[in-house]
Structure formats: structure tokens, C-alpha cells
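Biologist: Could you take me closely through the sheet and the helices that pack on it?

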Amino acid sequence: MGLTDGLMRILGKQSRKPSGWLGKMIFGHLATWGHRPLTNWAMSFMDVQPADHVLDIGCGGGMAIKLIAKIAVEGFVAGVDCSEEMVQQALKRNAAAVRAGRVEIRHGNVAVLPYDDESFDKVVAVETFYFWPDPVANLQEVRRVMRSPEPTEGKPGGLVALAMEGSKETPNWQKLAAQAARMGFPLYSGAEVEKMLTAAGFSRAWFEAAPDKGWGWLCALGVK
Ligand SMILES: C[S@@+](CC[C@H](N)C(=O)[O-])C[C@H]1O[C@@H](n2cnc3c(N)ncnc32)[C@H](O)[C@@H]1O
């Protein structure tokens with residue numbers, strides 16, 4: 001294994017579950033700036049409303065939570081992350097809103113979300129979908145905690161947005177997919193994630209792509 005392979009594996013491991021000083025520095029601090037444009041792009045499809053209840057899965061250092069909590073001022077924003085260190089960073093970054101009871105951040109896994117059925121209007125997951133252990137089953141779990149449609153009131157079901165900085169929606173994606181594989185995670189196309197959302201039971205699934213941004217920005221969306 002060459003030095004580059006070793007570094008790629010360390011970075012892949014840290015992205016999957018940040019830990020120690022390196023994880024805190026990269027994903028607790030640097031990523032909160034680096035992932036901000038992608039997060040804003042994902043939020044442009046979410047139309048967060050003041051009274052919305054929103055869940056951020058794989059919330060990392062809590063930057064998206066902070067952005068969303070500025071809009072959902074009468075609602076509630078929750079974050080879940082499988083890294084205890086990231087939970088602590090996210091709690092620090094959102095301390096005032098946590099104290100006010102508007103934000104809650106829990107240690108947890110997308111496989112078994114620590115929330116009741118139908119708890120959220122919107123769910124977002126930025127730069128984390130690649131790491132989910134069983135994507136279709138995990139999306140079923142996400143769908144469980146999302147609000148069902150209320151046809152009599154003309155309200156659609158909840159919305160999920162899965163944003164990825166790199167995808168097969170970029171020219172030369174094969175090279176990128178090989179690098180991702182060396183880091184230990186898969187790269188998806190929009191059509192692949194759309195198919196998974198449909199398999200998980202979402203009534204409507206589609207994707208937005210920006211091939212010229214990053215390594216082919218992808219945001220897959222599903223309505224319960
Ligand atoms: C690359 S970081 C992105 C963090 C944050 N969303 C951002 O954009 O800065 C991926 C995050 O997903 C979390 N994660 C990975 N697998 C997870 C899982 N199965 N359940 C919950 N969180 C997970 C990691 O702990 C990590 O904090």
C-alpha cells in the first residue's frame with residue numbers, strides 16, 4: 001500500500017466517522033465552511049418554512065443545523081450523527097438554540113433513528129449518503145420519521161434532500177469513482193439514488209445535478 005493509498009484510507013475513515021483531533025479539525029471546523037455552498041444549494045430545493053420540523057442526518061459539526069434554525073424560527077431542528085465527537089461540536093456550534101429548546105442533537109445512526117414516526121416535515125443529509133450501510137433500508141427508516149401527506153388539507157408528504165459533493169453526474173466520473181473506492185465508499189448517479197428512493201417507498205423521487213460544480217454536485221430528492 002503506497003503513502004497515497006494510506007492517506008486516502010485515513011481520509012475515507014475520517015469522513016465516515018470523524019474522530020480525534022484530525023476528525024474534529026476537518027469535519028468539525030473546515031467542512032463547516034467547505035460544505036456550506038453545497039448545503040445552501042440543497043436548501044434551495046427544500047423551501048424550509050418558519051414552522052417546519054427538520055432533521056439533519058450525519059450532521060457533522062452542525063453548520064447546516066445552524067443555517068436551518070435561522071429559518072425554522074417557530075419550528076424545531078434536530079441533528080443525528082454516529083460520531084460522538086461531531087455531536088459535541090454540533091452542540092457547541094448551536095448552544096444558544098439548544099438552550100432555547102429549538103435545536104436538539106443526538107448521537108445515533110441512520111439505521112435506527114431516535115425519533116417517532118412522522119416527526120419531521122423535511123430531512124436533509126449532506127455529504128453522508130455514501131456512508132449509509134444499507135441505503136434502501138436506511139431510506140425506509142428516514143421515510144418512517146417523515147410526515148405523511150394530508151390530502152384533505154392539500155398538504156404533500158415530507159421531503160428528503162440527499163446532497164453529495166461528488167457523483168457520477170460529472171464528466172470522467174470513472175476516475176473519481178476509483179478514488180472514492182480507494183477511500184472505501186461508492187459514488188452514485190442521480191438515477192441510482194432516485195431508484196433507491198422509489199424502492200424505499202417515496203411517492204415521488206427526482207434529482208438535481210450541477211456537473212460543473214465540485215466533483216459533480218448531486219441532490220436527490222424524495223417526497224413521502
Ligand atoms: C463527511 S461528514 C459530513 C458532515 C456534515 N453533514 C457536513 O456537511 O459538514 C459525514 C458525516 O456523516 C456521519 N455518518 C456517517 N455514517 C452515518 C450513519 N450511518 N448514521 C449517522 N451519521 C453518519 C459521520 O459521522 C460524519 O459526521
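Modeller: Two strands are taken to pair if DSSP finds at least two bridges between them, and the elements themselves are DSSP runs numbered from the N terminus, helices being H or I of at least four residues and strands E of at least two. This is a predicted model, in which local features need pLDDT of at least 70 and side-chain atom pairs count only at pLDDT 80 or more, while totals for chains, interfaces and linings use all residues. Residues are numbered from 1 along each chain as its sequence is written.

The sheet is open, with 7 strands in the order β3-β2-β1-β4-β5-β7-β6 and mixed pairing. Because β3 (103-107) and β6 (204-210) each have a single partner strand, they stand at the edges, and one side of each is left without a neighbour in the sheet. Within the sheet, β1 (residues 53-57) runs parallel to β4 (residues 122-126), the two being joined over 3 bridges, and Asp 56 has Val 124 of β4 as its bridge partner.

Helix α3 (residues 36-43) packs on this sheet, touching β4, β5 (159-164) and β7 (217-223), and its direction makes about 150° with that of β5; such angles run from 0 to 180 degrees between N-to-C directions, with axes fitted as lines to C-alpha atoms, for helices over the stretch in contact. Contact here requires C-beta atoms, placed from the backbone, to lie within 7 Å. Helix α9 (residues 190-199) also packs on the sheet, where it touches β5, β6 and β7, its direction making about 160° with that of β6.

Key: Contact = placed C-beta atoms within 7 Å.
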